[in-house]
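Let's take a walk through a protein model together, looking at how its side chains meet. Have the picture handy as you read.

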Amino acid sequence: MTIDQTPDATLFGALPGYPARPGKIVAVHISYASRADQRGRRPADPSYFFKASSSLAATGGTVERPAGTELLAFEGEIALVIGEPARRVPLEQAWSHVAFVTAANDLGLYDLRANDKGSNVRSKGGDGFTPIGPHLIDARTVDPAALRVRAWVNGQLRQDDTTAGLIFPLAQFVADLSQHFTLERGDVILTGTPAGSSVIAPGDVVEIEVDAPASGATSGRLVTTVAEGPDIAFDAALGSLPATDDTQREEAWGSREAAGLPDSTEPAVPAGLSPALREKLERVPVAGLSQQLRKRGLNNVTIDGVRPLHPGRKLVGLATTLRFVPGREDLFASHGGGYNAQKRAFDAVAEGEVIVIEARGEAGSGTLGDILAIRAHARGAAGIVTDGGVRDLDAVTAVGIPVYTVGAHPAVLGRKHVPWDVGLTIACGGTTVQPGDVIVGDADGVIVIPPALADEVADAALAQEDEDAWVAARVAEGNPVDGLFPMNAAWRTRYEAETGASA
């Protein structure tokens with residue numbers, strides 16, 4: 001027995017005694033063993049979040065990914081529709097309170113996830129973020145332990161699991177939730193998604209089906225097409241802004257590999273520079289750091305072609321990255337307006353971080369102006385490095401934040417660049433920069449130090465500075481540089497004797 005979805009996008013309006021829209025949509029965080037294994041954590045008990053009833057959508061509809069965001073993910077799920085109200089029901093009676101089973105797509109925008117502390121209010125509550133249907137399967141006709149859920153993206157099977165793979169039986173969700181509040185007729189429980197959920201983009205078509213292979217009962221294909229949404233004027237004065245990082249990318253895509261991220265066995269990026277390391281880097285010149293990195297086999301670590309707007313100011317901080325791609329009118333139309341990657345980078349920069357911008361050495365357009373420089377300064381950023389141009393040069397200079405650029409240009413961003421992405425490995429001034437790399441700049445230029453080497457290199461460079469100062473004093477006394485720079489054995493012995501240094 002199946003009941004068709006009604007044309008007005010609700011499953012319930014045609015059912016006598018059911019509301020046109022569910023009073024509650026309750027979703028389970030992690031429920032399948034395959035998903036738990038993918039995430040590396042298995043819950044001891046179910047946990048839940050609410051979705052707005054206004055997020056309900058129909059099969060054959062569209063869901064909009066807001067312009068300037070990147071991590072919209074699908075989740076194929078089995079939805080339970082409550083028939084008889086349930087309050088404090090025992091596990092053995094819980095399934096009798098389920099009237100129907102159908103398919104659902106628990107869509108979520110991971111760009112809005114980090115600040116909601118697991119509630120998923122904004123990340124999963126958007127209009128159209130809960131497609132459901134198209135048919136209802138009578139729950140009395142199926143075995144809840146033998147249901148299947150599958151998902152396809154652009155015709156390719158991405159998810160395929162059964163309720164045998166659940167950590168908790170479906171009836172447990174009903175019984176558990178009923179201990180805390182009344183489940184009313186028409187309420188929907190989204191029972192979690194198996195492994196295989198991933199990111200979808202405008203133009204993708206997602207299909208979800210729930211069926212009972214033993215009987216042939218099926219929800220039919222729930223079809224949703226992703227569309228590029230309009231610009232959204234996210235306002236930092238009202239709430240937290242969209243932001244992405246590697247953790248959100250890994251969870252949205254399903255794995256680090258799928259997200260194009262480096263292996264997690266690589267050294268962790270430090271949360272920030274320690275005061276002691278920052279103090280050492282403030283004292284050592286970039287030339288000295290370059291020398292020490294060269295001794296360790298690292299030659300391609302300078303951001304070439306950039307000059308400081310404040311030659312007398314030292315730049316020290318950890319990299320956060322922004323990438324521009326070459327200007328293309330259609331891509332700028334989709335990615336250049338609204339809350340784009342450029343704005344997100346400057347709104348999200350943390351205290352002590354350096355915004356490093358990949359602009360491919362293209363100086364024929366500005367990559368920032370005074371407003372963004374003011375925003376970075378207000379956020380406590382340590383500085384900005386761009387291998388592109390700067391607009392409003394005098395005004396940017398007046399802000400006072402250290403800025404390195406290839407030069408000034410009056411043109412706006414869209415002339416040469418499309419703001420594309422933040423928080424990823426980029427190329428700036430001919431060298432690779434990763435988020436968390438240590439960035440140091442002075443009048444000589446800017447250098448990139450792998451975080452794991454920063455303390456070692458800073459100590460060695462400071463020791464070399466002391467030695468060079470001693471040598472400089474000897475040269476000033478009239479001694480020839482031959483044999484002194486670098487020191488031969490005799491000079492080395494004298495140096496160690498006078499300073500107490502050891503080789």
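Is Phe50 buried, partly exposed or exposed? With a relative accessibility of 47%, Phe50 counts as partly exposed, because that label covers everything between 20% and 50%. Keep in mind that we're looking at a predicted model here.

Now for the rings. A pair of aromatic rings is described by the distance of the centres and the angle of the planes. This structure holds six aromatic pairs. In one of them, Phe50 and Phe181 have ring centres 5.9 Å apart and planes at 40°, so we call the pair tilted. It's a link between distant parts of the chain: Phe50 is in strand E3 (residues 48-51), while Phe181 is in the loop between helix H4 (170-178) and strand E14 (188-190), 131 residues apart. Phe181 counts as partly exposed too, at 24% relative accessibility.

Next, hop over to Trp470 and Trp491. Their ring centres are 6.0 Å apart, and the planes meet at 75°, so this pair is edge-to-face. Trp470 has another neighbour to look for: the charged end of Arg474 sits over its ring, 4.8 Å from the centre.

Arg185 lies over the face of Tyr18, at 5.1 Å from the ring centre. And if you like your rings in groups, look for Tyr48, Phe168 and Phe173, which form one aromatic cluster.

What about nonpolar side chains on the surface? Val475, Val481 and Phe485 form a nonpolar patch there, with about 280 Å² of accessible area together. Phe485 is in the loop between H12 and H13. With a relative accessible area of 57%, Phe485 counts as exposed, because the cut-off for that label is over 50%.

Time to turn to charges. Side chains of opposite charge can pair when their charged atoms come close. How many salt bridges does the model have? The count comes to 28. In one of them, Asp187 meets Lys24, with 2.7 Å from N to O. Asp187 lies in the loop between H4 and E14, and Lys24 in the loop between strand E1 (2-4) and strand E2 (25-28), so the bridge ties together parts that are 163 residues apart in sequence. Asp187 is buried, with a relative accessible area of 2%, and Lys24 is also buried, at 17%.

Asp455 and Lys280 make another salt bridge, with their closest N and O atoms 3.1 Å apart. Here again distant parts of the chain are linked: Asp455 is in helix H12 and Lys280 in helix H6 (residues 275-283), 175 residues apart. Asp455 counts as partly exposed at 38% relative accessibility, whereas Lys280 counts as buried at 15%.

Glu250 forms a salt bridge with Arg256, where the closest N and O atoms are 3.4 Å apart; Glu250 itself counts as partly exposed, at 28% relative accessibility.

How values were computed: Residues numbered from 1 in each chain as written. Predicted model: local features only at pLDDT ≥ 70, side-chain atom pairs only at ≥ 80, totals over all residues. Heavy atoms only, no water. Phe/Tyr/Trp six-rings, centres within 6.5 Å; stacked < 30°, edge-to-face > 60°. Helix = DSSP H or I, 4+ residues; strand = E, 2+ residues; numbered from the N terminus. Buried < 20%, exposed > 50% of the residue type's maximum accessible area, 1.4 Å probe, protein only. Lys NZ or Arg CZ within 6 Å of the ring centre and 35° of its normal. Patch = residues over 30% accessible without salt bridge, like charges linked within 9 Å, V, L, I, M, F, W, Y side chains within 5 Å. Areas by Shrake-Rupley, 256 points an atom, 1.4 Å probe, with all protein chains shown as cover. Salt bridge = Lys/Arg side-chain N within 4 Å of Asp/Glu carboxyl O.
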